Amino acid sequence: MATIATPTAAAPQRYMQGIAVPASSVRPPEFFARTRRHISLERSFTYDGSETQTVVELRKSDILAGIDVRFTGSVTVAPGTGTVASTARWPYDLLRALRFTANGASNIINVSGLKLKVRDIMKRSDLTDRGVSQTFGGSAKSNGTLAIASEAWGVGANSSGLAAGTYDVELVWHVPVAEDEQDLAGAIFLATSSSDLTLTLDYAQKADLFAITGDAAVDIDGTFQVSSTKYSIPIGQDGQIVVPDLSVFHSLIQSRYANGVQAGENELRLIGQGAGKSLLRIFFQVYNGTPAAPLAMNAANFGRQAWRYANNETPDAFHDGTHMRVDSERRYNSDIGALWGFGCHDFAHENAFRDVVDMGTTSELRLVTTINSDVALTSPAVEIVQETVFLAGQAV
């Protein structure tokens with residue numbers, strides 16, 4: 001008698017970041033016991049100041065936790081019969097925008113270089129800029145610069161009367177692909193041909209970084225290096241791959257609000273709300289003047305700082321800018337409000353399980369920033385970054 005073959009049931013699968021893996025392979029304890037970290041150079045390329053954009057495709061292997069972008073070079077100042085001054089965009093906004101796309105999720109990270117620097121300080125409690133001297137506004141500062149000791153700005157930020165010379169520049173930006181590089185929440189699974197990973201660097205124009213008069217000139221030259229931190233995917237005793245839980249993406253998205261920003265209370269609606277999203281931080285600056293510079297986060301410039309949802313629910317409200325500045329310095333061991341004018345509502349620093357904001361149940365989220373009436377405003381704009389984690393497969 002002929003034997004009829006019985007179809008074997010397919011092994012249960014689990015989709016993480018749009019990629020199917022066997023459900024039985026998701027074993028975080030075994031993964032962390034067996035994996036190995038790899039730090040490797042993905043690409044190196046020259047920069048002479050004429051480029052507007054570079055696209056870097058990362059190699060498809062392992063699990064990506066973070067990316068480091070390093071610039072090593074120089075800035076040459078030649079005042080001639082004119083003058084050269086740096087703006088508040090120098091040096092970190094040399095990267096006008098850094099955009100990261102992974103596995104069909106468009107621009108899960110899209111922020112400027114300065115915003116990446118302050119987020120690094122916010123996340124890493126062991127990182128501090130105390131005692132690291134850099135020149136800001138023509139004066140040497142040793143706190144709140146966001147610089148680390150191994151960095152060199154070449155010339156000061158937001159400083160006028162720059163002298164002729166060629167100055168060494170060493171800058172580094174960390175791109176936090178994973179929200180937490182210990183549990184790898186938000187890390188990216190790359191060990192498949194269907195993975196798609198793109199890092200796009202958009203460069204600032206020289207006019208955004210330096211104010212030049214007469215026949216003065218500024219040249220920036222150097223080399224960019226893009227390095228990755230990845231974790232190998234081990235094979236378990238059952239012959240299957242072993243992976244951590246990679247069911248979420250980690251996102252940093254920057255928005256700019258220029259229309260309608262004025263003295264008094266400004267209520268700015270946050271973007272990208274939806275079920276399955278958790279808000280970790282909102283941080284922001286108010287730029288003012290020509291060339292634009294951030295207003296220092298203090299009581300002279302700012303009144304009440306808050307966030308709001310629904311009709312008029314206001315869970316957190318700081319009395320004024322100094323109150324917010326003090327809160328940030330206590331959290332991050334850096335005076336992020338003094339020089340760069342950052343304010344922050346942080347829901348993840350102390351206890352993320354308790355404090356993060358569910359963006360599916362808190363409708364109509366808004367940032368509230370009050371600018372004092374005696375502040376002279378010229379083309380003011382608010383730049384906001386929302387840091388979230390969300391279930392893979394959802395829109396950003």
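Over which residues does pLDDT stay under 50? Residues 1–9 are the answer, and the model gives them zero contacts beyond four places in sequence. Contact here means heavy atoms within 4.5 Å.

## Model and confidence

This is a predicted model: local features need pLDDT of at least 70, side-chain atom pairs count only at pLDDT 80 or more, and totals for chains, interfaces and linings use all residues. Residues are numbered from 1 along each chain as its sequence is written, and side-chain values use heavy atoms, with hydrogens and water left out.

pLDDT is the predictor's confidence in each residue, from 0 to 100. The protein chain averages 91. At least 70 is the score for 91% of the residues. Where pLDDT is low, the predicted coordinates should not be read in detail.

## Overall fold

The protein chain holds five helices and 25 strands. Both are DSSP runs, numbered from the N terminus: helices are H or I with at least four residues, strands are E with at least two. The radius of gyration is 23 Å, close to the 21 Å from the globule rule for 396 residues, so the chain is as compact as a globular protein of that length. The radius is taken over C-alpha atoms, and the rule is 2.2 Å times the number of residues to the power 0.38.

Along its principal axes, the C-alpha trace spans about 100 × 50 × 35 Å. Take the contacts with a separation of 6 or more: residues 24 or more positions apart account for 78% of them.

## Surface and charge

Of the 396 residues, 51% count as buried. Buried means under 20% relative accessible area, exposed over 50%, partly exposed in between (1.4 Å probe, protein chains only). The chain exposes about 16900 Å², and carbon and sulfur atoms supply 48% of that area. The areas come from the Shrake-Rupley method with a 1.4 Å probe.

There are 32 positive and 42 negative charges, and their mean positions are 3 Å apart. Lys and Arg count as positive, Asp and Glu as negative; His and the chain ends are not counted.

## Backbone features in loops

Two cis peptide bonds deserve a look. One runs from Trp90 to Pro91, with omega near 5°. Pro91 sits in the loop between strand E6 (84–86) and strand E7 (95–102). Another joins Thr290 and Pro291, with omega about -5°. Pro291 is in the loop between strand E18 (277–288) and strand E19 (293–294).

Asp62 is not a glycine, yet its phi is positive, about 65°. Asp62 lies between strand E4 (53–57) and strand E5 (63–78), in the loop. Asn158, also not a glycine, has a positive phi of about 50°. The loop between strand E10 (139–141) and strand E11 (165–175) holds Asn158. Asn158 is partly exposed, at 31% relative accessible area.

Terms used. The place of a charge is taken as NZ of Lys, CZ of Arg, CG of Asp or CD of Glu.
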